[in-house]
Amino acid sequence: MKKSISILFIVLRLLLGGFMIYGGIQKFEKPIPSSIEVLEKAEKFSAPDKEATLQKVLYISGAKQTGYFWQVLGICELIFGFLLIIQGTGFIGALFLLPITLHIFLFHLFLEADEIGELIQTGGLFLVNIALVLKEKEKWKHLLWIKPI
């Protein structure tokens, strides 16, 4: 039983790490659109019935237009995904990925609530991330409450 749980957590680490590496690579595949291209794309979704799509377009385009945030996010996903896959650094990779997977889940929850499949997938990845961090709670629980002298 204990061995099968260990194997399950290894598979979960590889799964989450693989998703993050894939997502990080995707951040660098397409060139960053110009401001004019963003405005033209936003105008296509300016109708009231396409408000949710407009919010997604503006949010992601805004992150890309900063000139650094989209790339930093991609680099973090790559580095933390690799840390998660490597046996000895899996815990630190899971810990560093926690705010990223939370952000991805919240993005889908608030801006793509109608996409149930993606919501389940990103929620699952966030829960896997939480499980990986909680599995190692003996390593960090003493940091949460220090007894006074």
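Ala, Val, Leu, Ile, Met, Phe, Trp, Tyr, Cys and Pro count here as nonpolar, Asp, Glu, Lys and Arg as charged, and the others, Gly among them, as polar. With that in mind, the tour of this predicted model can begin at the second largest pocket, where the lining residues divide into five nonpolar, four polar and four charged.

Select Arg-13, Gln-87, Phe-91, Lys-135 and Glu-136, which, of the 13 residues lining the second largest pocket, are the closest to its centre. About 230 Å³ of space lies in this pocket. Colouring by helix will show that α1, α5 and α6 each supply at least two residues of its lining, with α1 giving the most, four residues.

Next, move to the largest pocket, which holds about 1100 Å³ of space. Select Gln-26, Lys-27, Ile-60, Trp-70 and His-108, the closest to its centre among the 35 residues that line it. Here α1 (2–26), α2 (35–44), α3 (51–65), α4 (69–85), α5 and α6 (116–135) each supply at least two lining residues, and the largest share, eight residues, comes from α3. The lining of the largest pocket divides into 17 nonpolar, eight polar and 10 charged residues.

Finally, turn to the surface and select Leu-102, Leu-106, Leu-109 and Phe-110, which form a nonpolar patch with about 340 Å² of accessible area together. Within this selection, pick out Leu-106, which lies in helix α5 (residues 90–111). Is Leu-106 buried or partly exposed? Its relative accessible area is 33%, and because buried means under 20% and exposed over 50%, with partly exposed in between, Leu-106 counts as partly exposed.

Methods:
Residues are numbered from 1 along each chain as its sequence is written. This is a predicted model: local features need pLDDT of at least 70, side-chain atom pairs count only at pLDDT 80 or more; totals for chains, interfaces and linings use all residues. Side-chain values use heavy atoms; hydrogens and water are left out. Patches are made of residues with over 30% relative accessible area and no salt bridge: like charges are joined within 9 Å, nonpolar side chains (Val, Leu, Ile, Met, Phe, Trp, Tyr) within 5 Å. Accessible areas come from the Shrake-Rupley method with a 1.4 Å probe; for residues, only the protein chains shown count as cover. A salt bridge is a side-chain nitrogen of Lys or Arg within 4 Å of a carboxyl oxygen of Asp or Glu. Buried means under 20% relative accessible area, exposed over 50%, partly exposed in between (1.4 Å probe, protein chains only). On a 1 Å grid over the protein atoms alone, a cavity is a set of points where a 1.4 Å probe fits but cannot get out, and a pocket is an open set with protein on both sides within 12 Å along at least five of seven lines; lining residues have an atom within 4 Å of a point. Grid points are joined across faces, edges and corners, and a volume is the space filled by probe spheres set on the points.
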